[in-house]
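Hi there,

Here is the structure I promised to pass on to you. Have a look at it first, and then read my notes below.

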Amino acid sequence: MSAQKSVGLSTFLTETDQKIRELPKSYRDLFDLSKQIDLEMYVNASDNIRAVGKAFDAWNEGFPSSVALIGEKGSGKSTLSNLLKEEVFKDQKIINVEIKQSTWKIEQILSLFGSAFEIKDVNRPEHIVNALNALEERIVVNLEGLQKLYLRNINGFDALDALWLIISETKEKVFWITTCSRYAWEFLNKVEGVETHFTHVFFTDALSDGHIQSVIMNRHNKSVYRLNFEADESIRKSRNYKKRLNDPKAIQEYLKEIYFDRLGDITEGNTSVATILWLRSIKKVEGRTLIIAPFQPVNIETLEILKTETLFTLAAIVLHDTLKVAELCRVLNLTLAQSRVLLTRLKSRGVLIEEESGYYLNQLVYRQVLRLLKRRNIIH
Amino acid sequence: MKRIATYFMFLVFSLSSFALSAQDSLSTVQADSALTDSSNVINLKPKIVPFEELFSTGKIISSFIVLIFAFLLNRFITFLLGKLAENQASYRLLIKRLIPFLNVILWSVALFIVIGGIINPPVETILTVGASIGIAVGFAAQDILKNIFGGFIIILDSPFQVGDKIEIDGYYGEVTGIGLRSTRIVTPDDSLVTIPNADIVNNSVSNSNTGALDCQVVASIYLPADTNIDTVKEVAYKAAITSRYVYLNKPVVVITENQVIDKNYIIHLKVKAYVLDIRYEFLLKGEITELILTELNRRQLLPSSVPFKPVES
């Protein structure tokens, strides 16, 4: 593999927002992952849709089934969940429960379910169980964000314990379909065998390099733009490039292949990371041609994030998706001041982003942070 | 980094130049000894090389320079590998294990260049000197030789490696270096303990992690006999799995033992968990203990003083 020039995080982040803002809005919208997409744009969905359909058929025939959709943040769990509503649960009553912030106390989950299922005076999980079992029709419950139902703290598993009770007691009346981020799932599986609460588990982040290319190209092909890939210094010096010099079409094919190889390597099957990096790679728009700059991975090693406390903070964020200052206190057993300093320091360096729901990892450095934590044996 | 690379290139270049010049002198000496051999056929008398010729000033200086280069190169490689190991947690132990092997190889090459290439004594001299030194050193430096042979045995037998946590002779700590004479470990209170290799070979060695990055940690809590065991075990398990230092690819086990101390019943709670990096061993142990005690105190399950339950006589 040829040597790739990497850029520092601060330069990378400063340029990224600006570059993406400069792109035509119609093109940006095609890559907006928060928007609903057609089935034809969703890569590798058919297998998962078919498998969930089978589980649903089994539930309809009286076999108690429940489904978990697992994948990294940004790997398309919510998109798949939305597609399932149209493709599988078309004529079925669906109740959506989206967990937007950490809900680890028992009263929090009871209140959430109480308002979602329109049940009053809920004090115990059994009240939810009785109310759901008393429903006249069978329903589908789409529970999004299982990773927010716990806190890695000695008292942080009460909400999950209540959920397991509710799921196991209502499986015949309710078809439970939940989404969970991969690393929270793996943690929960190791500590309390979360897998045993679901009859079917599907993964959305097992995309190959080819799939990642399709994710990008399916969206790009809906636009009117042509692509022109640029070569970097190392590629220009390579024999493979030189021998194609007389054939511009072959050169473009070759550069495209190299670009998507590198993109596949760095994103490791994560759709969201791939789309952001793709938009970041568009150097300029010349008429109806997009000039694609050579792929430059961002280098986070230059940041001073290798300190132990910082690494454990990042690991906590990866395990919970989002965390507030007070929640990080509980997870790492720190004081409020210590937690705030750790989080704001990472935010000021662009590694974390703060929103109302808490701090979460910047998608631009998601893959690099995961690699770093795996290398340090902190996440497996 | 560039400066280090340049320095490294300079060292390699200098050492290879010396090796080449040593080879040249070796072939010259071989040619001389061939002549000597043919003259031996005629004279039937072994030629005795004068002492001044064998240890001429030039040869001593050359040998000295080669040994200094070997020493510097050794230190340099050890430094580089040490730095590299610290930046690669997953390969830390593997990289550190290479260091003693490289030390032995480097010193062997240096000695070969000095004896075979620079001094180049006749075989008879080697045998005579060897025998004399053998007898003298055998009597005078028995312990040193024992340690050196012990060092070879440790390297070949590998009961532990650099980076492992071992206990020997009452000392527990991380192995930081395996030398030809001694092995060095750093104890949890940051003391450097140097243990002669002969002692290690002749004693039992307990190795906590045997090359792995993780190792088992046992946190012990002593509780009154009438404690609610189920609750305490649940708290202990959750304390272990929520510690940031725990390695969850291996099981967390909580066990209780009933013990009688000073005619009193005591519950001995043991939490066995693996730490994700042996460097956090005591941090994990401390965190589990703190979390359990804090939670038991919060739930008022711990009395302020331990009320022992006397054994009925």
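What follows is a short account of the interface and the salt bridges.

First, some housekeeping. This is a predicted model, in which local features need pLDDT of at least 70 and side-chain atom pairs count only at pLDDT 80 or more, while totals for chains, interfaces and linings use all residues. Residues are numbered from 1 along each chain as its sequence is written, chains are lettered from A and ligands numbered from 1 in the order in which they are written, and side-chain values use heavy atoms, with hydrogens and water left out.

Let me start with the interface. Chain A puts 22 residues in contact with 24 residues of chain B (contact means heavy atoms within 4.5 Å). Together the two chains bury about 2100 Å², with 53% of it on carbon and sulfur atoms; buried area is the accessible area, with a 1.4 Å probe, that two parts lose on being put together, summed over both.

The rule finds 1 salt bridge across this interface (a side-chain nitrogen of Lys or Arg within 4 Å of a carboxyl oxygen of Asp or Glu). Its partners are A:Glu309 and B:Arg244, whose closest N and O atoms are 2.9 Å apart. On the side of chain A that touches chain B, helix 8 (182–192), helix 14 (308–320), helix 15 (325–332) and helix 17 (363–375) of chain A each supply at least two residues; helices here are DSSP runs of H or I with at least four residues, and strands are runs of E with at least two, numbered from the N terminus.

How exposed are the two partners? A:Glu309 is partly exposed at 31% relative accessible area, whereas B:Arg244 is buried at 10% (buried means under 20%, exposed over 50%, partly exposed in between, with a 1.4 Å probe and protein chains only).

Over all chains, the whole structure holds 22 salt bridges. In one of them, A:Glu268 meets A:Arg371 at 2.8 Å, N to O. This pair links distant parts of the chain, 103 residues apart: A:Glu268 sits in the loop between helix 12 (248–267) and helix 13 (271–281) of chain A, and A:Arg371 in helix 17 of chain A. A:Glu268 is partly exposed at 37%, and A:Arg371 is partly exposed at 32%. Both also belong to a network of salt bridges with A:Glu72 and A:Arg367.

In chain B, B:Glu295 and B:Arg299 form a salt bridge at 2.7 Å, N to O. Here B:Glu295 is buried at 4%, while B:Arg299 is partly exposed at 32%.

Best wishes
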